[in-house]
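Let us walk through this structure together, one part at a time. Keep the picture open beside the text as you read.

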Amino acid sequence: MSETKHTDTARRDFLSNSAKLAAGVTLAPGVMLYGVAHAATAGQGASDKVRWGMLVDTNKCAKGCDACVTGCEKENGWGQGSNDEQRSNSKQKAQWIRKVELRNTATGHVQSLPMMCQHCENPPCVDVCPTGASMKRADGIVLVDKHICIGCRYCMMACPYKARSFVHEELTDQRAHAPRGKGTVESCTFCVHKLDAGDGTTACAEACNTEGHKAIIVGDLKDPNSEIAQAVAEYATTQVRADLGLNTGMRYRGI
Amino acid sequence: MKRLSKLLSVLPALLALTLSAPAGAAGTEGGLGPNIPAPVKGEQCVEDTGEMRKNHMKYLKGHRNEALREGNRSGKYSLKECLECHVPPAETAQASRSEGEHFCKSCHQYAAVRVDCFECHATRPEKSAMFHPLVTPGMQTLKDVHQPDSAALLNNLAENQNNTGAIQ
């Protein structure tokens, strides 16, 4: 018995010494802990060092232009980007992003802006999901895990932005990077396949830039050197329904 | 009872026969086993053939959770990677919409397995996978050198080169 005790003590000593050693090693290049750049690169996975955000400048967003919508449709294979949902009416069809026009009734001033999933920090869709299919990644992107989505559509009811759609019919010829199918809920994915591949932008932003409007900036809100972080620091920007306290990743300028 | 035990003793052998039929040969011949099309490209799957036959679903499920929830899409076990090698892209002459000729579906139909992958996922790759990791430059070089298309010779060479990184 005493022998066992002796052995235990020795082991404890060894463990404690090695712990000290390990701590020393860790502390020596301590600057690394703070100096690691967390730029989004391919193959690293989602990290909470990053918060993906989008800034829409409504002054630059052209009325009647829907380049962002068609760009998204083409990239993710919904709407005009597919031949499916023939039997659904326009209210049933998928709508990952839509253009909204706001008219100030007092002045008659009309503003145009794209509306889609706002990628909330505290997403109501995730709160209400009974299966855990509605989820938020570490980098703030809100997604539907269609593998476990049962199509109950609670998230659609909970979303204040009307951002989610339900697929009512069987689909074919989906894009390889954007699986979608009957009986599941879907919404803007923040072009997560592009971000994970290191593109650093989304199809809607690319389409807007191609049109020459450059109304959408995509980037990491936590990186002080990113274009979006500098823009939100310099200009007054708004979250839609900020009163709900959801802290959206989408921000709008000029509304 | 005796007859049953005799039958049971034959069953494993029969199963082994069915499952060990080479994919390429089974694609052209009728008879026992599913009509599995030969792979479009690549000489070697991401794991041993036997391992993939038995456990491909486990690899796929692990990758799916990692890719969707963790954002780590670098794994080699994605469904997209399967299709890259096993299903011809849409624009090629090999492409066929017939369900029976789809690599995954043909076997699943045979085994009466109902999987929901293709209710959402694309059934074929969007473009040619010439740059698939399994078709590495080393592999291409080997192919060029030994033009007389001897598959056996090529496989032997590939096996010999395995440690030097010809096939990854």
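This is a predicted model: local features need pLDDT of at least 70, side-chain atom pairs count only at pLDDT 80 or more; totals for chains, interfaces and linings use all residues.

How many helices and strands does chain B have? The count is eight helices and zero strands. Reading from the N terminus, the order of elements is therefore simple to write, α-α-α-α-α-α-α-α. Chain B has 168 residues, and 17% of them are buried.

Now pick out one residue, B:Ala67, which sits in helix α3 of chain B. Is B:Ala67 buried or exposed? A residue counts as buried when 20 or more other C-beta atoms lie within 10 Å of its own. B:Ala67 has 21 other C-beta atoms within 10 Å, so it is buried. Leaving aside residues up to four places away in sequence, B:Ala67 touches B:Asn72, B:Arg73, B:Gly75 and B:Ser78. B:Ala112, by comparison, lies 45 residues from B:Ala67 in sequence and 28 Å from it in space, C-alpha to C-alpha.

Next, look at where the two chains meet. This contact draws 18 residues from chain A and 15 residues from chain B. On the chain B side, α3 (49-70) and α6 (117-120) each provide at least two residues. The most comes from α3(B), which gives four residues. By type, the chain B side that touches chain A has seven charged, four polar and four nonpolar residues.

Finally, turn to a sheet in chain A. Strands of a sheet pair through backbone hydrogen bonds, and they can do so in parallel or antiparallel fashion. In chain A, three strands make an open sheet with mixed pairing, in the order β8-β1-β9.

Strand β1 (residues 52-57) of chain A pairs with β9(A) in the parallel sense, over four bridges. Within that pairing, A:Met54 has A:Met250 of β9(A) as its bridge partner. Helix α8 (residues 227-234) of chain A packs on the sheet and touches β1, β8 and β9 of chain A. The direction of α8(A) makes about 110° with that of β8(A).

Notes: Residues are numbered from 1 along each chain as its sequence is written. Chains are lettered from A and ligands numbered from 1 in the order in which they are written. Two residues are in contact if their C-beta atoms, placed from the backbone, lie within 7 Å. Ala, Val, Leu, Ile, Met, Phe, Trp, Tyr, Cys and Pro count as nonpolar, Asp, Glu, Lys and Arg as charged, and the others, Gly among them, as polar. Two strands pair if DSSP finds at least two bridges between them. Axes are lines fitted to C-alpha atoms, for helices over the stretch in contact, and angles run from 0 to 180 degrees between N-to-C directions. A residue is buried if 20 or more other C-beta atoms lie within 10 Å of its own, exposed if 12 or fewer, and partly exposed in between; C-beta atoms are placed from the backbone.
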